[in-house]
Amino acid sequence: MKPRRHTKRVPSFRKLLKTSKVKLENKLKNRQYKQQSTAKKYRKEQRKLRQAVKDAAAKTPVPLEVYKKKHPEKEEETALPLDMMDEDDLQLMEELAQKASFVTRDLSSSEPVHAKKRKHESVIEKYEKMPRRMQAEPEKELIHLLPIKDKCRIIPQTMEKPVQEEEEDEESEAEAAALVTQAVEEPLPVLTTEELIVYRRKKLQEKKVHIAALASAVLADPENNIKKLKELRSMLMEQDPNVAVIVRKLVMISLMEIFKDITPSYKIRPLTEIEKNMKVRKETQKLREFEEGLVSQYKFYLENLEQCVKDWKQRKLKKSNVISLKAYKGLAEVAVKCLSELLVSLPHFNFHNNIIVLIVPLMNDASKQISEMCCDAVKNLFKQDKLGVASVGVVKVISGLVKSRNYDVRPEVLMTLLHLRIKDVEVKKDAEDIAPKKRFMSYKEKRKNLSRMQRKWKKAEEKLERELLEVEASESTEKKLKLHTEILNVVFLTYFRILKKAQKSPLLPAVLEGLAKFAHLINLEFFDDLLVVLHSLLMSEVLTYRESLHCILSAFHILSGQGDVLNIDPLKFYTHIYKTLFKLHAGATNEDVAIVLQCLDVMLTKRRKQVSQQRALAFIKRLSTLALHVLPNSSIGILATNRTLMHNFPKTDLLLDNESQGSGLYLPELEEPEYCNAQNTALWELHILRRHYHPVVQKFAAHLVAGSPSEGSGALGPELSRRSPSELFEAYSMKEMTFNPQIASVTPRKKGGILRTESFLNEDLRELFHTELRKAAVQGTLDFAKHLNASVS
């Protein structure tokens, strides 16, 4: 029987991945320590040998007579008298004395007898003449074989372990060591910059072709070529320092696209023990192997991406890595991009929750690029998630992140919650209303109302309906309602925590904006407390103007939804926005006009039955005054709001007359809209706006002066009358620094040295144009005179 060879197997790639970093580092350190100790021991032996040779060559020999004089009495007793010896014997004794052995020498000295002769020998010859220590023969190992059973006894069988393999291993190690020393002794040829670029380009092209070939093979036949994913994934450990960074990035992107293409539209579950032991057809077994390999490779791929991000976050350079610290950020950005794409593209597949746990903390990363990338991925996931299965997990992780960081996160993290698709969902009051409407008959009801045959048919019908509900892949209304309710509970829990514990946090604007969007879905039980909190925030004067607008918008969204049944008059909110309208101007606050238009729509238009005529008159007058101080798109939105208010409150047309309606004078500086006597003034601002340089503002002003007619010469066109104020504000925005609508190109003609542009300027602008020209001329003359005085002096 041939003995089994105990050969050391090379660990597989998967086993290397499972081995911990600490274990690999310990192995490497132990190997290094062993090599160092061996080299140290060898150097110590060589040092001792050189010292021994040096001492032997330096010391002088001790004459033999010294040893004879140590004990003269004993020598006289034991030694024979010389006169009793023959001359031949005496000569022989003298020769032997010159060749005395170590028995007759002083053992305290290690100096050789013939030191003078050896002084002239070289060190190498002395080293060669030193006795060698013979290596002990290795003990022969025995291998126990199967015993032989006789009639009487059992005879054990053994054999000697062959030494041939060890010799081969030693030879191979010697060859490897020789190659290493040869490589060290012979340095690599130094390449010029051009040659290095050509070599790198050639190497990179080879790697690209190899990646493309593997990816094409997997996409062409995924079931048969699933093992090539492993080969492609192994290129994530590229060790060539010239192309390592680019190759790893290309492999990451290629694997991401491959998984997006070959991944099925369902989640792959692991097989049970019973299913594994069952006999199935070849096609089924092949499909199972493909699914198992796909999940395995997908898992390892995600682990590689996670490790890449962790290496960058820890800023820790590995000893065996060829990537520099500067290249870590580029690799981490590509890894985060791949994770973001998989988060959006494969929300139904395995390990989606693991990707969520990786992506959500990176939304708060210090790197702006990575943070924006993750936030955009979460927004896209919210927009496309109609049912809400994936959104639940993301919202829960965001809530946990905000709480664990003690509300010290970026506002963009909470701004992503505004993209949740739960706007049109009605939240029921009780759990009974949330329950599904489909209800099967109970056993007592069947016994009472149905016959035996009917009960039998009813049972079969209900069983079939239950199976259809389980198999049905379409969105279930009940499930959708339940998931959206859970999402809202988590979102409002996060918002209320910030309102209660972190009112001075930079997250407050995002919270107020979120409350303004989802306030109509809040339960009625929280309305009173929430309005009290919002009002206290508004009165605390710690909010910026934009935050106060969001606070007012949130309060009125609450009252316009389910809170419409509450008998509450939010007069303080009306007063606050009325007295702060003049904080808007044509500068940085122009963008806040969009929020003001939304507030006015909710406060005045949608609550027109609860708004008095005095309040409506005051707001129309103040908005008309404000239209003189803002940019054209804001003026258009404000005038469109006034048009809507005049339609909803017909008696406000008295502002178009010059006669006063009642006693008192108009008090424009008063902060209370109810008592400013707005009925005793007129909208003289509209006559100024009729001469505005923007044509759309002119149209709106003329339309309001004519009484906002729906027909006739003073009516607006459908492109203006059918748009809301917010839409008009966005349509005529000047963010791109372009005039909207565009000015017709007119060729100016030169007359008297001045460009004549009267063809497209009205009288006021023409006069202003000439005035500015005169100022420029005078200023130019003054500057020239100053220059002359300076040069003369």
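This is a predicted model: local features need pLDDT of at least 70, side-chain atom pairs count only at pLDDT 80 or more; totals for chains, interfaces and linings use all residues.
User: What makes Y578 and F619 an aromatic pair, and of which kind?

Analyst: The whole structure holds ten aromatic pairs. For Y578 and F619, the centres are 5.4 Å apart and the planes stand at 75°. Rings of Phe, Tyr and Trp (its six-membered ring) pair with centres within 6.5 Å, and planes under 30 degrees apart are stacked, over 60 edge-to-face and the rest tilted, so this pair is edge-to-face. Y578 sits in helix α26 (residues 571-579) and F619 in helix α28 (residues 613-626), so the pair ties together parts 41 residues apart in sequence. Helices here are DSSP runs of H or I with at least four residues, strands are E runs of at least two, and both are numbered from the N terminus.

User: How do you know that R622 lies over the face of Y578?

Analyst: R622 is 4.0 Å from the ring centre of Y578. A charge sits over a ring when NZ of Lys or CZ of Arg is within 6 Å of the ring centre and within 35 degrees of the ring normal. R615 likewise lies over the face of Y574, at 4.3 Å from its ring centre.

User: Why is N633 called buried?

Analyst: Its relative accessible area is 2%, so N633 falls under the 20% limit. N633 lies in helix α29 (residues 632-648). Setting aside neighbours within four places in sequence, N633 is in contact (heavy atoms within 4.5 Å) with N590, F729, Y732, S733 and M734.

User: What makes a set of residues a nonpolar core, and how many does the largest one have?

Analyst: Such a core is a set of buried Ala, Val, Leu, Ile, Met, Phe, Trp, Tyr and Cys residues joined through side-chain atoms within 4.5 Å. The largest has 163 residues, and M252, Y301, L417, L420 and F700 have the most contacts inside it. Helix α14 gives this core its largest share, twelve residues.

User: How do you know that β1 and β2 are paired?

Analyst: Strands pair if DSSP finds at least two bridges between them. Six bridges join β1 (residues 142-149) to β2 (residues 154-160), which run antiparallel. In β2, M159 is the bridge partner of I143, and a hairpin of four residues joins the strands.

User: Which pLDDT does the chain have on average?

Analyst: The mean pLDDT (the predictor's confidence in each residue, from 0 to 100) is 76, and 70% of residues reach 70 or more. Residues 164-170 are below 50, with one contact beyond near neighbours in sequence. Residues 179-188 are also below 50, with zero such contacts.

Methods. Residues are numbered from 1 along each chain as its sequence is written. Side-chain values use heavy atoms; hydrogens and water are left out. Buried means under 20% relative accessible area, exposed over 50%, partly exposed in between (1.4 Å probe, protein chains only).
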